[in-house]
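Subject: Structure handover

Hello,

Here is the structure I promised to pass on. Please open it first, then read my notes below.

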Amino acid sequence: MLRPWKLEFEIDRKLDKAVYLQIADSIITDIRSGRLKPGDTLPGSRNLATALKINRNTVVEAYQVLINEEWVISKERKGIFVSDQLPALHHKRINKSTDNQDQPMKSGGKLINFDDGHPDSKIAPVTELARAYRQIFSIKAKWQMMGYGDEHGDIEFRNMIAKMLNHQRGMQIHDHEISITRGSQMAMFLTAQSLFTSGDHVIVEDPGYNPAWQAFEYAGATLLPVPVDKEGINVETIEKLLAQHDSIKAIYITPHRQYPTTVTLSLSRRLRLIELSNQYDITIIEDDYDNEFHFGYRPILPISSFPELRHYVYIGTLSKVVAPALRIGYLATKNQDLLQKIGGLRKIIDVHGDVIMEQAVLQLIKEGAVKKHIKKATVHYKNKRDFTFSILKKYMTEVADFTLPEGGLAFWIVPKITLNWDLATTLLLERNIRIIHPKQYSHNDINGFRLSYGTLTEEQLEQSIEIISGIFILLSQNHDGYADIENKIPL
């Protein structure tokens, strides 16, 4: 009979860290120290829960984290065992020192991932959504027999989206001018496929949103990158490109909070962009990816809300509002020919959307649950933004430039000198910190990165920002290569 590992840690309920993460990180520490060896068995979830005097589900969550990160494996009807093929405990180093080799990483072995600005799933109204979904599913199954719906989505849901856009974002849109999609990326893909043909050109922001670029290029369009500064996309460059190319079909922009830099497109440039769109009969594709989370007086109204603008496609999402895993996006346009093409393509690939989920979200909106969640989430993210800003000022002021964003879930960090980003991202990953490489934002060399804070704890933010600052300092002071720098950066 296998003898389980002996418990030698206690839960600290005063910590901000979740209990299941305390358990997981304690086990990781014992694996890294050699106290737990490959093949060793862990206590059953019931036994460990009893020993710690906690709910069994908490232990199950901790074990799932360990399984996902490959520290342990689950063998059916046998139990949980330390993996025979552990993740690399110590990455290969040049001139590594004995003292550093045996020290645990500051992150406790857990990867700290700076994504592109995801919301915190822990505060999502999942319980309310599940309840509404079950109720709607039961009702719909009785009278609708799960039949096919409209390719543009449930009409009542579209009507609610139209009201939201008109009342909150100053638009003048009707339900028959809206199409519901499975996330904003599907909206982008459908728009690209219905708008572009081979040989067309599309103006995009540089740096910008690569997944949108991929959708445009897949449709046959050629990208024309235009630089972004503190006022947003450079409109003078756009004017020159429009004069040079007669095959430009669209301009793709993220004017509210430009991705990835978070800057807001200035009013003068907005107005000039509208003039150019009307003058050259080109479509403005406006991606308003995080309108809801705004911490100032009010969010800037979309360009698509200006009545003078004749050609636009406005793209938004509910995924960040309700729950990250909820794939509901939408697009709005006055162009009925374009909308008909989008509907035809939608029928080919998806027939119609998830009517049950649309109705469930609609019910949450009617009940006020979504409004309540947005209010709660806005306070949550504003506090986290302010904390992140204080940590950035504490550790990064001397090495990088940054500004306080009025909304969204990320900062744009620009080092004061041009860094070797291949080396920087490698060194950070060795310390269990992952940032998006700047090359993901541009085909040119970009000296900046997007620091998101939505999904990370305050402990993770301070811990990682301190390390990032240290690496930036050493990269700016050392030019002798990887080996020299490796010996100077603590774990």
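A residue counts as buried when its relative accessible area is under 20%. F472 has a relative accessible area of 2%, so F472 is buried. Keep that cut-off in mind, as the notes come back to it. One caution before the rest: this is a predicted model.

**Overall make-up**

The chain has 491 residues, and 53% of them count as buried. It holds 16 helices and 15 strands. Take the contacts between residues at least 6 apart in sequence: 73% of them join residues at least 24 apart.

**The aromatic pair at F472**

What does F472 pair with? Its partner is W421, in an edge-to-face arrangement. The two ring centres are 5.7 Å apart, with 90° between the planes. W421 belongs to helix α14 (residues 421-430) and F472 to helix α15 (residues 458-477), so the pair ties together parts 51 residues apart in sequence. W421 is buried too, at a relative accessible area of 7%.

The whole structure has 14 aromatic pairs. There is also an aromatic cluster, formed by Y209, Y259, Y289, W412 and Y441. Another ring to look at is F81: K75 lies over its face, 4.8 Å from the ring centre.

**Nonpolar cores**

The largest nonpolar core has 47 residues. Which of them touch the most other members? They are I161, L165, I178, I203 and I238. Helix α12 (residues 355-367) gives this core its largest share, six residues.

Leaving out residues up to four places away in sequence, I238 touches I203, V226, I233, I251, L273 and L276.

**I284**

I284 sits in strand β9 (residues 283-287). Is I284 buried or exposed? Its relative accessible area is 0%, so I284 is buried. Setting aside neighbours within four places in sequence, I284 is in contact with I251, I253, L273, S277, I303, L309, H311, Y312 and V313. I251 and L273 are on the contact list of I238 and on that of I284. I274 is ten residues from I284 in sequence, and their C-alpha atoms are 8.3 Å apart.

**A pocket**

Look next at the second largest pocket. Its space comes to about 590 Å³. The lining is made of 20 residues, and M164, Q168, E292, K371 and I374 lie nearest the centre. Helices α6 (155-169) and α13 (369-395) each supply at least two residues of the lining. The largest share, seven residues, comes from α6.

Helix α13 also holds K382. K382 has 31% relative accessibility and counts as partly exposed. Along the chain, K382 and G408 are 26 residues apart, while 9.2 Å separates their C-alpha atoms.

**Backbone points to check**

Most residues other than glycine have a negative phi, and most peptide bonds are trans. Here are some exceptions.

Two cis bonds to look at:

- D206 and P207 are joined by a cis peptide bond, with omega about 5°. P207 lies in the loop between β5 (201-206) and α8 (210-218).
- The peptide bond from Y259 to P260 is also cis, with omega near 10°. P260 is in the loop between β8 (248-253) and α10 (267-280). Y259 is one of the residues in the aromatic cluster.

Two positive phi values:

- K53 is not a glycine, yet its phi is positive, at about 60°. K53 is in the loop between α2 (45-52) and α3 (56-68). At 73% relative accessibility, K53 counts as exposed.
- T262 has a positive phi as well, near 75°. T262 lies in the loop between β8 and α10. Its relative accessible area is 13%, so T262 is buried.

**Where to start**

Begin with W421 and F472, the edge-to-face pair. Then go to I284 in strand β9. After that, turn to the lining of the second largest pocket, where α6 gives the largest share. Finish with the loop between β8 and α10, where you will find P260 and T262.

Best wishes

Note on methods. Residues are numbered from 1 along each chain as its sequence is written. This is a predicted model: local features need pLDDT of at least 70, side-chain atom pairs count only at pLDDT 80 or more; totals for chains, interfaces and linings use all residues. Side-chain values use heavy atoms; hydrogens and water are left out. A nonpolar core is a set of buried Ala, Val, Leu, Ile, Met, Phe, Trp, Tyr and Cys residues joined through side-chain atoms within 4.5 Å. Buried means under 20% relative accessible area, exposed over 50%, partly exposed in between (1.4 Å probe, protein chains only). Helices (H or I, at least four residues) and strands (E, at least two) are DSSP runs, numbered from the N terminus. Contact means heavy atoms within 4.5 Å. Rings of Phe, Tyr and Trp (its six-membered ring) pair if their centres lie within 6.5 Å; planes under 30 degrees apart count as stacked, over 60 as edge-to-face and the rest as tilted. A charge sits over a ring if NZ of Lys or CZ of Arg is within 6 Å of the ring centre and within 35 degrees of the ring normal. On a 1 Å grid over the protein atoms alone, a cavity is a set of points where a 1.4 Å probe fits but cannot get out, and a pocket is an open set with protein on both sides within 12 Å along at least five of seven lines; lining residues have an atom within 4 Å of a point. Grid points are joined across faces, edges and corners, and a volume is the space filled by probe spheres set on the points.
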